Amino acid sequence: MPTIYLIRHAESTANAGEISQPNPEVDLTAKGRAQARQLAERLTLEPSKVVVSEFIRTRQTAQPWLDKLGIEPEVDGLINEFNVLGYSVVKGMTGKQRQPVGQRYWRKCSLQERVGEDGETFAEFSARVSKFLDTLHTREDGSVLFIHGMFIKLIMWRLLGYPMHTAHHLRLFHDWQINMPVPNTAVFRLHWQTGRDDAAINIMPKFTPEAFIG
């Protein structure tokens with residue numbers, strides 16, 4: 001059964017509510033760097049390859065483990081996080097100041113809403129996740145992907161069989177994902193027989209901090 005592993009990045013400055021940065025440049029906090037080192041100590045996987053997104057926080061999270069293994073990762077822009085709030089809109093804002101901007105977005109729940117010219121619509125993000133799932137069979141068995149929280153949540157949603165075609169679907173997803181925590185450095189196993197139609201995902205308690213396992 002082909003299997004890949006998805007690891008959410010460690011705590012970022014955005015997670016911590018610090019001043020906005022362009023999404024690709026959002027880096028880890030001191031706590032996040034400590035989490036990355038702890039993750040490298042916990043992981044006993046033997047990857048066929050390691051893949052990171054184009055966003056620096058995934059590379060920073062992977063780096064202590066990469067150093068331990070002595071390998072370099074591949075970069076895959078398909079697994080970038082949802083760029084919901086364009087930097088052109090939130091430049092200079094703290095997390096507290098960004099909050100009402102994000103709340104207005106989710107109140108609209110429009111698949112075509114773009115916050116800033118450099119923002120991404122949810123329809124575009126959903127299409128990337130769908131493409132990822134449609135091409136699972138091309139992923140190398142045993143790969144480890146350092147990835148993002150919303151990306152993992154939408155994978156879960158789609159594998160549960162839920163659609164994402166209307167504003168109503170997006171509203172349902174938003175309400176669902178609030179109660180579906182994907183903590184920093186959580187490790188998930190994604191496996192399948194033929195592809196997305198029989199794929200399943202589960203958290204791996206062995207590698208995920210105990211505080212996050214119910």
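I started with F132: buried or exposed? F132 comes out at 0% relative accessibility, so I put it down as buried. One caution for myself: this is a predicted model.

Next I checked S130, which sits in helix α5, residues 122-134. Its relative accessible area is 16%, and because buried means under 20%, S130 counts as buried too. What does S130 touch, leaving aside its neighbours within four places in sequence? I found contacts with R158 and R196.

How many aromatic pairs does a search of the whole structure find? I got 14. A reminder to myself: a pair of aromatic rings is described by the distance of the centres and the angle of the planes.

I looked at W65 and F146 to begin with. Their rings are 6.2 Å apart, centre to centre, with 50° between the planes, and I noted the pair as tilted. W65 belongs to helix α2 (residues 56-69) and F146 to strand β4 (residues 144-147), so this pair ties together parts that are 81 residues apart in sequence. I checked burial as well: W65 and F146 are both buried.

Back to F132, this time with its partner F151. The ring centres are 5.6 Å apart and the planes stand at 85°; planes over 60 degrees apart count as edge-to-face, so that is what I called this pair. F132 is in helix α5 and F151 in helix α6 (residues 149-159), so the pair links parts 19 residues apart in sequence. F151 has 0% relative accessibility, so I marked F151 as buried.

The axes of α4 and α7 come within 9 Å and cross at roughly 130°.

Where they meet, α4 brings Y105, W106, R107 and K108, and α7 brings L170, R171 and H174. I sorted the residues of this contact by type: three nonpolar, one polar and three charged.

Definitions and conventions
Residues numbered from 1 in each chain as written. Predicted model: local features only at pLDDT ≥ 70, side-chain atom pairs only at ≥ 80, totals over all residues. Heavy atoms only, no water. Helix = DSSP H or I, 4+ residues; strand = E, 2+ residues; numbered from the N terminus. Buried < 20%, exposed > 50% of the residue type's maximum accessible area, 1.4 Å probe, protein only. Contact = heavy atoms within 4.5 Å. Axes fitted to C-alpha atoms, helices over the stretch in contact; angles between N-to-C directions. Nonpolar A, V, L, I, M, F, W, Y, C, P; charged D, E, K, R; others polar. Phe/Tyr/Trp six-rings, centres within 6.5 Å; stacked < 30°, edge-to-face > 60°.
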